[in-house]
Amino acid sequence: MNVEEEVGRLREEIKRLGTLQSDGSYKVTFGTLFNDDQCANIFEALVGTLRAAKKRKVLTYEGELLLQGVHDNVEITLNPTPAAAAN
């Protein structure tokens, strides 16, 4: 999979596991993503995919590098798409 495809898959997984916010964004914790069996099967390097998505401003979270255990409670926010924000 290329990076853009992985970021797209990550968006779908965050929507599946996360909670829709009033602004059209979705929130999920790193631990929820990391410990999900389906995510584990899709993403070889979840942390790398998260960093690539953050760099592309697809999502936001505190810090640079997320580590399992230490950062399980860090909230990841999937930014709303322009279409979702307009609704």
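This is a predicted model: local features need pLDDT of at least 70, side-chain atom pairs count only at pLDDT 80 or more; totals for chains, interfaces and linings use all residues.
Biologist: How far apart are the end C-alpha atoms of helix α1, and what span should its residues give?

Modeller: Helix α1 covers residues 3-17, so that's 15 residues at 1.5 Å each.

Biologist: Which residue caps the N-terminal end of α1?

Modeller: Look for a side-chain oxygen by the backbone nitrogen of E4. There is one at 3.2 Å, and the residue it belongs to is N2.

Biologist: Are α1 and α4 roughly parallel or roughly perpendicular to each other?

Modeller: Their axes come within 9 Å and cross at roughly 95 degrees. Angles of 65 to 115 degrees count as roughly perpendicular, so α1 and α4 are roughly perpendicular.

Biologist: Is E13 buried or exposed?

Modeller: E13 sits in helix α1, and its relative accessible area is 6%. Buried means under 20%, so E13 is buried.

Biologist: With which side chain does the side chain of E13 make a polar contact?

Modeller: Leaving aside neighbours within four places in sequence, E13 is in contact with D36, Q38, C39, I42 and F43. The polar contact, at 2.6 Å, is with the side chain of R16.

Definitions and conventions:
Residues are numbered from 1 along each chain as its sequence is written. Side-chain values use heavy atoms; hydrogens and water are left out. Helices (H or I, at least four residues) and strands (E, at least two) are DSSP runs, numbered from the N terminus. The expected span of a helix is 1.5 Å times one less than its number of residues. A polar contact is a pair of N or O atoms within 3.5 Å; within protein, one must be able to donate a hydrogen and the other to accept it, and residues adjacent in sequence count only if both atoms are side-chain atoms. Axes are lines fitted to C-alpha atoms, for helices over the stretch in contact, and angles run from 0 to 180 degrees between N-to-C directions. Angles under 35 degrees count as roughly parallel, over 145 as roughly antiparallel, 65 to 115 as roughly perpendicular and the rest as oblique. Buried means under 20% relative accessible area, exposed over 50%, partly exposed in between (1.4 Å probe, protein chains only). Contact means heavy atoms within 4.5 Å.
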